[in-house]
Amino acid sequence: MGYIADNSSKIICDAFSERVMKLGVTRVQWIALYYLGREESISQKELAERMNVKESSIARLLDRMERDGLVERIKNESDKRITNLRLTDRGKEYRIKLLPEGEKFEQLLYKGISDEEMQVFTTVLSKMINNIKEIDEEECIHEL
């Protein structure tokens, strides 16, 4: 099961990467633009959590995106340790241009799959992920 999930994920990610690279962004930049555009402002830590990556990886990504004029970093007024992020006008325009590509890819990916099948698929994956989380927690308890 692990191999099938990993291989499927790689094939899907590679196919999407090819599509968005033609538009001048990486898949990871596309994902960041997607999440950044859903909020007026978001912390760097929140973005890392939503993208399921390390904060250090986000920092390098944001350096490039800031250099390209897509995002700006703003120190949180109440807590200077927190860096908030927001899309620039250029970033917002770019996101609007890129979103339809994600929608087209999703339609291509879901072709021939019913809503019912999709629901079963997401339910099963969610259960598997929860099972893994429970195993990790149990192992931590046993190690103590």
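Mentor: Helices here are DSSP runs of H or I with at least four residues, strands are runs of E with at least two, and both are numbered from the N terminus. The model is predicted, so that local features need pLDDT of at least 70 and side-chain atom pairs pLDDT 80 or more, while totals for chains, interfaces and linings use all residues. Residues are numbered from 1 along each chain as its sequence is written, and side-chain values use heavy atoms, with hydrogens and water left out.

Trainee: Which pattern does the chain follow along the sequence?

Mentor: The C-alpha atoms fill a box of roughly 50 × 40 × 25 Å along the principal axes. The secondary structure comes to six helices and three strands. Read along the sequence, the pattern is α-α-β-α-α-β-β-α-α.

Trainee: In which helix is A48 found, and is A48 buried or exposed?

Mentor: Helix α3, residues 44-51, holds A48. Leaving aside neighbours within four places in sequence, A48 is in contact (heavy atoms within 4.5 Å) with V53, K54, E55 and I58. Buried means under 20% relative accessible area, exposed over 50% and partly exposed in between, with a 1.4 Å probe and protein chains only. Since its relative accessibility is 3%, A48, in α3, counts as buried.

Trainee: N52 is not a glycine, so what is its phi?

Mentor: N52 is found in the loop between α3 and α4 (55-67), and at 71% relative accessibility N52 counts as exposed. Although N52 is not a glycine, its phi is positive, at about 60°.

Trainee: At what angle do α1 and α5 pack?

Mentor: I12, A15, F16, R19 and V20 of α1 meet E101, G102, K104, F105, L108 and L109 of α5. The axes of α1 (residues 2-21) and α5 (residues 89-109) are 11 Å apart. Axes are lines fitted to C-alpha atoms, for helices over the stretch in contact, and angles run from 0 to 180 degrees between N-to-C directions. On that convention, the packing angle is about 145°.

Trainee: How far apart are the end C-alpha atoms of α5, and where does its kink lie?

Mentor: The expected span is 1.5 Å times one less than the number of residues, so the 21 residues of α5 should span 30 Å, and the 31 Å between its end C-alpha atoms agrees with this. The bend at a residue is the angle between axes fitted to the seven residues ending there and the seven starting there. A kink of about 25° lies shortly before the proline P100, and its place is K97.

Trainee: Which elements are among those covering the buried residues of α5?

Mentor: The buried residues of α5 are G91, Y94, R95, L98, E101, G102 and F105. What covers these residues includes α1, α2 (27-37) and β3 (83-87).

Trainee: Why does N84 count as buried?

Mentor: N84 has its place in strand β3. Leaving aside neighbours within four places in sequence, N84 is in contact with S41, I42, S43, E72, R73, I74 and N76. N84 counts as buried because its relative accessibility is 17%.

Trainee: What separates the C-alpha atoms of T83 and D115?

Mentor: T83 lies in strand β3 and, at 15% relative accessibility, counts as buried. T83 and D115 are 32 residues apart along the chain, and their C-alpha atoms are separated by 39 Å.
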